[in-house]
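Please keep the sequence and the structure in view while reading.

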Amino acid sequence: MMKKIFNSHSGFSLVELVVVMAIIGLMGLGTSALVNNLVKMNSKSKTKSNIISIKDQIMKTLKDEASWQETVDNNNALRCLREDNNTRCNDNQTIVNFDVYMRPRPAPAPPLIYYRASQASRGFNDDGSQCTGYNAGGNNNCAFRYDIRVRLRCNYGEATCKSPDIHIQADFKYSPSNDRHVANSMELTDEGGSVDANWEARGKMDFEFQKSQPNKLDSFQIMFATTNAPGGNCDTNAWRRRPINYTNFNQNGAILELNRPGDWIRMRRGFYKCEIKAEAYGSIQGFKIRLRNITSGENWVVASGYSGPDTSTVVVGEADIEVTNPNHRFQIQHFCRQDNPLHNFDMGIPKPDYSTDLDGIGMNRFTIMTCTRKG
């Protein structure tokens, strides 16, 4: 007969005590596991919040125009975007991992770098602070990084341009050294392509956006200036070419070709705002001036005026044009309501000091065309 270990007043058998102790032990283990899970969740939440803060700060800095200008001015790889640089950016040109600068600081303080993406070891800790130990092979103490890339796109099919559209992409990288690191439980993805592929952002922490570079204007001025030859005949009710033979300036090669003595010019692709000034002397009744694409037949009538016998008129007009083909030829033309053979439509009178050639290009100004092009 089995003896009781406990007397009848204890109320518990040995089996019951074992069960109770097991339950208490399981509850302790469950509590410990719960606490550990809560700690991990809290750590995960803080880390993700820190990464989001890093992402937002990099985006904010790159979008800020003053910071972007500082970034352009202090990265040699971005020199084609500088205002004072006459080089042009190549279409689809890419620049990978440049340093991101903050907006200018009051002098004499030096420029402030926010993030040195140019250094492959630069990254971020779990707490959001920057570190210098990022390694693709893994480092728990510097597990995160952003690769940043700019892709430049020229408008109008140009192979090069001064003011490209700017596509900025950031590829989030994470590389902890073991599976216990919180990053491995954050459901992150890192699927960025190589620098030669369409490096599109796909991960949850990646980002991309577009911006436009402030316009750098390409300009030119051409004129017909001479002391001897008249500006061309004026046939009654007929359009005639308006000679031009002198280039006053041609910034960044906006003019591709000037046909001398001035039948036509060729210009780069782009949108142009042009001002044309023309003098007429001795033409009778109405006088008009226009810019004509002699390749396509498209016309822009820019100005009109009136002069009688032995009098002169000056007309000034503007034309907004789009050049879609650099092989197209443009010509300035004039129109007279009635010819005056006596003056052979001189279309130019001397400057007040007509005995002195002040600038070496003749004393008469028959035609002046000035155009500004969005690069």
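A charge is said to sit over a ring if NZ of Lys or CZ of Arg is within 6 Å of the ring centre and within 35 degrees of the ring normal. By that rule, the charged end of Arg290 sits over the ring of Trp239, 4.0 Å from its centre. Lys288 likewise lies over the face of Phe335, at 4.7 Å from the ring centre.

The model is predicted: local features need pLDDT of at least 70, side-chain atom pairs count only at pLDDT 80 or more, and totals for chains, interfaces and linings use all residues. Residues are numbered from 1 along each chain as its sequence is written, and side-chain values use heavy atoms, with hydrogens and water left out.

**Confidence**

- pLDDT is the predictor's confidence in each residue, from 0 to 100.
- The protein chain has an average pLDDT of 78, and 71% of the residues score at least 70.
- Over residues 1–8 pLDDT stays under 50, and the model has 3 contacts (heavy atoms within 4.5 Å) for them beyond four places in sequence.
- Residues 348–354 also have pLDDT under 50 throughout, with 18 contacts beyond four places in sequence.

**Overall make-up**

- Helices (H or I, at least four residues) and strands (E, at least two) are DSSP runs, numbered from the N terminus.
- The protein chain contains 2 helices and 21 strands.
- Of the 375 residues in the protein chain, 41% are buried; buried means under 20% relative accessible area, exposed over 50%, and partly exposed in between (1.4 Å probe, protein chains only).
- Among contacts in the protein chain with a separation of 6 or more, 67% are between residues 24 or more positions apart.

**Disulfides**

- The structure holds 4 disulfides, each being a pair of cysteine sulfur atoms within 2.5 Å.
- One of them links Cys80 and Cys89, with the sulfur atoms 2.0 Å apart; the link is right-handed, with 100° about the S-S bond.
- Cys80 lies in the loop between H2 and strand E1 (89–90).
- Cys80 has a relative accessible area of 5% and is therefore buried; Cys89 is buried as well.
- Beyond its neighbours within four places in sequence, Cys80 is in contact with Thr87, Arg88, Cys89, Gln93, Leu152 and Lys162.
- The C-alpha atoms of Cys80 and Pro164 are separated by 9.9 Å, and these residues are 84 residues apart along the chain.
- Another disulfide joins Cys154 to Cys161 at 2.1 Å from S to S; with -80° about the S-S bond, this link is left-handed, and Cys154 and Cys161 are both buried.
- Cys274 and Cys371 are also joined, S to S 2.1 Å, in a right-handed link with 115° about the S-S bond.
- Cys274 is in strand E16 (residues 270–281) and Cys371 is in strand E21 (residues 367–374), so this pair ties together parts that are 97 residues apart in sequence.
- Cys274 counts as buried because its relative accessibility is 1%, and Cys371 because its value is 0%.

**Nonpolar cores**

- A nonpolar core is a set of buried Ala, Val, Leu, Ile, Met, Phe, Trp, Tyr and Cys residues joined through side-chain atoms within 4.5 Å.
- The largest has 32 residues, and Ile58, Leu62, Trp68 and Ile148 have the most contacts inside it.
- At least two residues of this core come from each of helix H1 (14–63), helix H2 (65–74), strand E4 (113–116), strand E7 (144–153), strand E9 (165–174) and strand E10 (207–212).
- A second, separate core of 29 residues includes Ile222, Ile265, Phe330 and Ile332.
- Leaving aside neighbours within four places in sequence, Leu62 is in contact with Trp68, Phe98, Val100, Ile148, Ile168, Phe207, Phe209 and Lys211.

**Aromatic pairs**

- Rings of Phe, Tyr and Trp (its six-membered ring) pair if their centres lie within 6.5 Å; planes under 30 degrees apart count as stacked, over 60 as edge-to-face and the rest as tilted.
- A search of the whole structure finds 10 aromatic pairs.
- One of these is the tilted pair of Tyr146 and Phe172, at 5.3 Å centre to centre and with 55° between the planes.
- Tyr146 belongs to strand E7 and Phe172 to strand E9, so the pair ties together parts that are 26 residues apart in sequence.
- Tyr146 is buried because its relative accessible area is 1%, and Phe172 is buried at 2% relative accessibility.
- Phe144, Tyr146, Phe172, Tyr174, Phe207 and Phe209 form one aromatic cluster.
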